[in-house]
Amino acid sequence: MITYSIIQKSQLEGALRLDAEYYQPEYLKLISNLKTQKSKFIGEIGQVAYGTTPSGGVFEKEGVPFVRSQNFSNLVVDTSDLVFCSEKFQKQNKKSAIKPGDILFAAVGATIGDLAVVQDEIKEGNINQNIARVRIIRNTINPYFVGFFFASRPGQLQIERLITGNAQPYLNSEQIKSFIAPVLPMEEQNRFRSYFNEMQKELENSKSLYSQAENLLLEELGLKDFEVEDDLVYIVNLSEIKSAHRADAEYFQPKYEKLIEKLKKCGASPLLDLAQNVAAKFNPKSQLAKIFRYVELSNITSSVGTIDGFSEVSGSEAPSRAKRVLKLNDVILSSVEGSLGKVALVGKEQEGYLASNGFFQFRSKDILPEVLLVLAKSFVLQMQFEKQTAGTILTAVPKEAVKNIVVPKLNKSTQKKIADLVQKSHEAHSKAKQLLEQAKSKVEDLIKNK
């Protein structure tokens, strides 16, 4: 059925928007509903600021937390994958500084629609140019309620409506200022701080359990205190270069061989003896009308190795890279340098999802999938994959390099303990997601009943 709406010339917003999508009935009904009840524009209740990235994109190993949209996870900032900026940069960019209670909107690119409310543990920080910070300045508005509102369907529809740009979608500050937020009695708004705290507690519990699993793994392998640094000078035989078919210095860094020697003492086996490297052969174009759920790097929560989102695409519109069909307990790992840490275990709800061939997809044969996840996320495998990266414009791990990856032997009892901790971690993470959905539903119900 064709959907249409008739717009009077007087209803057009100047000559700024004439595209039909902007005036879809669903959008018009939402805006009309919000304006009939007590509400405010974001520009009336908050200050909007965009961030910037340090010169050359160079970050510090420690310092002031620097948030990117990839750090957004279930309405909070995931601190496990943060980078840092210097105190000098922070002082030079005070306008985009963040503090607890600030609302962060992903405003550029594929992550538009994602947002987070800065939690109490981040006392200060800053953001990059792809994020808009909204700081609520009116005492009659609770920022946590506003955060949940824009994570809910009515908030997401406003974001979807105002996105502009073709090659690179974006939201500018005037568009964000024009977002409308309902104003409910403070007693109702304040409940959402409790929802946020409860959700954050589950996320922290999830990270703690996962950390216990990784610590158990490293202790069992005698690698808990394993540390190596890049050597400035080292000698490599010509025969080694010929054998590897590579002459780049990074490949022959001694730290990699030191790790392999440690692993061999644990009885290391080739990764492909323990897990199948699933080929990317699916062609979504064979089912043009079917709607697929597609997983990208931005959908991976690095801290605990879960998939927390997807985009819907038809077979006819699916990216050419969407060639993987996921199955329960597969472990997917990004093959691109700079995002090797994007590793996840496929859950029951992701059975049948599509994923990019930019991931490796491992299916356990003689190792528990949860243990494979922890190994793949730890330096035990991360360093090995890092060594194998090749290329110039897009540096990535070649498919054939997987045969060079080795996995240490772990007894079944230890594997079971690690798997139990990972399962509990993912259960807590799932509970946090459920709490988020419940809070979003609560927001929608409150608005409908006004």
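Visitor: At what angle do the axes of helix H9 and helix H12 cross?
Guide: H9 spans residues 254-265 and H12 spans residues 379-388. Helices are DSSP runs of H or I with at least four residues, strands are runs of E with at least two, and both are numbered from the N terminus. Axes are lines fitted to C-alpha atoms, for helices over the stretch in contact, with angles from 0 to 180 degrees between N-to-C directions. These two axes come within 10 Å and cross at roughly 135°.

Visitor: What kind of model is this?
Guide: Residues are numbered from 1 along each chain as its sequence is written, and side-chain values use heavy atoms, leaving out hydrogens and water. Local features need pLDDT of at least 70, side-chain atom pairs count only at pLDDT 80 or more, totals for chains, interfaces and linings use all residues, and this is a predicted model.

Visitor: Are H9 and H12 oblique or roughly parallel?
Guide: Under 35 degrees counts as roughly parallel, over 145 as roughly antiparallel, 65 to 115 as roughly perpendicular, and the rest as oblique. The crossing is at roughly 135°. H9 and H12 are therefore oblique.

Visitor: How are H7 and H11 oriented to each other?
Guide: Helix H11 covers residues 369-377, and its axis runs 10 Å from that of H7. The packing angle is about 80°. H7 and H11 are therefore roughly perpendicular.

Visitor: Which residues of H11 make the contact with H7?
Guide: H7 supplies Tyr-210, Ala-213, Glu-214 and Leu-217. From H11 come Leu-373, Val-374, Leu-375 and Lys-377.

Visitor: At what angle do the axes of H4 and H7 cross?
Guide: H4 and H7 are roughly perpendicular to each other. Their axes come within 7 Å. The crossing is at roughly 75°.

Visitor: Which residues of H4 meet H7?
Guide: On the H7 side stand Gln-189, Phe-192, Arg-193, Tyr-195, Phe-196 and Met-199. The H4 side consists of Tyr-144, Phe-145 and Phe-148.

Visitor: How is the pair of Phe-148 and Phe-192 classed?
Guide: The structure holds 16 aromatic pairs. Rings of Phe, Tyr and Trp (its six-membered ring) pair if their centres lie within 6.5 Å; planes under 30 degrees apart are stacked, over 60 edge-to-face, and the rest tilted. Here the centres are 5.7 Å apart and the planes stand at 50°, so the pair is tilted.

Visitor: How many residues apart in sequence are the parts that this pair ties together?
Guide: Phe-148 sits in H4 and Phe-192 in H7 (residues 186-221). The pair therefore ties together parts whose separation in residues is 44.

Visitor: Which residue in E10 is the bridge partner of Leu-104?
Guide: Four bridges join antiparallel strands E7 (residues 103-106) and E10 (residues 131-136). For Leu-104, the partner is Arg-133.

Visitor: Which residue in E21 stands opposite Tyr-294?
Guide: The open sheet E17-E14-E21-E18 has mixed pairing. Two bridges join E14 (residues 291-295) to E21 (residues 354-356), and these strands run parallel. Opposite Tyr-294 stands Leu-354.

Methods: Two strands pair if DSSP finds at least two bridges between them. Contact means heavy atoms within 4.5 Å.
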